[in-house]
Amino acid sequence: MSKNMMNIQTIRAIRGLYIPEEYTEKDSVRMSLLLDQYVDIVPDISLKMKQALFTLEYDNFNRLATHLAETSKKVYADNLAYDCKKIMELVNERKQSVCEILLQQMIANMSTLSISIQSAQLNGNKANDSDNLFQQLEHDIHRLQHALQNFDGQTSEQVLNEIVRKKVPLNLLSVVNVIRKQIGEYDFDAAIEQCKELVRLVLMGTLQERNSEKEPYIVLAVDDKPDVLNSLKAMIPSQDYKFFGVTSGEAALRFLEKHEPDIAILDIEMPGMDGFALAHKIKLEMKKEFPVIFLTGNGRRDEVLKAFSVGAVDFLVKPAIPEYVLLKLQEHIK
């Protein structure tokens, strides 16, 4: 039995998994074990895939990608399994630079899923409020991607019709119509890419609705690399958030002497005071109540456990993905 048992409701609530509707509590033991194994392989296989691609060991890379695809299918991480298939096609065409970009995105998605699994194992995450429009649409978009990846045009059309019936904004409908056209042309890959735009638009609309009559939320980001701070700032809509970026733990403490952010995003590895020490000071010594999210490059178990022990509520994986950044801000700012 898995040392990190979860019930089926908790497993269903993990973002990035598409658990079949027919699964019940009797399937939770097997799924918990498979998810535990997935978390264990992510750091190692990420490193090996990067090394194989860098050294042009394409056969080895494909073996690793095949293993990852099979593992992802077992836990119903359909998007990752699909990405493995796409990157192997690109490797076989020797499109090195495109492969490097896609692999970076894949590793970020793998680590994000790994952290979501570990968070559920530690905290017993429950399914979100079904009355929340974003949560309903997020589920629909995941179902849509699943159907598209299996070249199932009929189910895709059904899900699109469900999305339209939810009284979504016009800018969302325009993307739905693009996807409908691409399905008609059997351009499923392009339709899958458009799903990312659907998620972004849903998030932006939800954030604007939440914050329409309030002052912008204050976001404090701490990272010793200015390019990471600039990238985060570009992802965060200025009409909803006021972004402050500092390059050290010491600078963050000086900021906190005068300001109270609504949320803080901390890098882990920084010279001087690292992210763990800074979070310990913020949450356990200063007793600040605003949520703290960590930036991480791999989502190793030891890092995740230590982060939660010093008061973190969640993670963002480098390189940060705009949809996830907006999602985490929306989830944790009260």
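Start with helix α5, residues 96–123, and helix α13, residues 301–309: their axes come within 11 Å and cross at roughly 50 degrees. Keep in mind that this is a predicted model. In general, two packed helices are described by the angle between their axes and the distance between the axes. As for handedness, the crossing of α5 and α13 is right-handed.

Which residues make the contact between α5 and α13? On the α5 side they are I115, Q118, S119, Q121, L122 and N123, and on the α13 side R301, V304, L305 and F308. By type, the residues of this contact are five nonpolar, four polar and one charged.

Now the cores. The largest nonpolar core has 40 residues, and within that core L17, M49 and F61 touch the most other members. At least two residues of the core come from each of α1 (8–12), α2 (28–54), α3 (58–74), α4 (78–92) and α5. The helix that gives the most is α2, with 10 residues.

Take L17 as an example. Leaving aside residues up to four places away in sequence, L17 touches I11, L35, V75, Y76, A77, L113 and H142.

There is also a second, separate core, of 29 residues, and among its members are V222, A264, V304 and A307.

Technical notes:
Residues are numbered from 1 along each chain as its sequence is written. This is a predicted model: local features need pLDDT of at least 70, side-chain atom pairs count only at pLDDT 80 or more; totals for chains, interfaces and linings use all residues. Side-chain values use heavy atoms; hydrogens and water are left out. Axes are lines fitted to C-alpha atoms, for helices over the stretch in contact, and angles run from 0 to 180 degrees between N-to-C directions. Helices (H or I, at least four residues) and strands (E, at least two) are DSSP runs, numbered from the N terminus. A crossing is left-handed if the near helix is turned anticlockwise from the far one by less than a right angle, and right-handed if clockwise. Contact means heavy atoms within 4.5 Å. Ala, Val, Leu, Ile, Met, Phe, Trp, Tyr, Cys and Pro count as nonpolar, Asp, Glu, Lys and Arg as charged, and the others, Gly among them, as polar. A nonpolar core is a set of buried Ala, Val, Leu, Ile, Met, Phe, Trp, Tyr and Cys residues joined through side-chain atoms within 4.5 Å. Buried means under 20% relative accessible area, exposed over 50%, partly exposed in between (1.4 Å probe, protein chains only).
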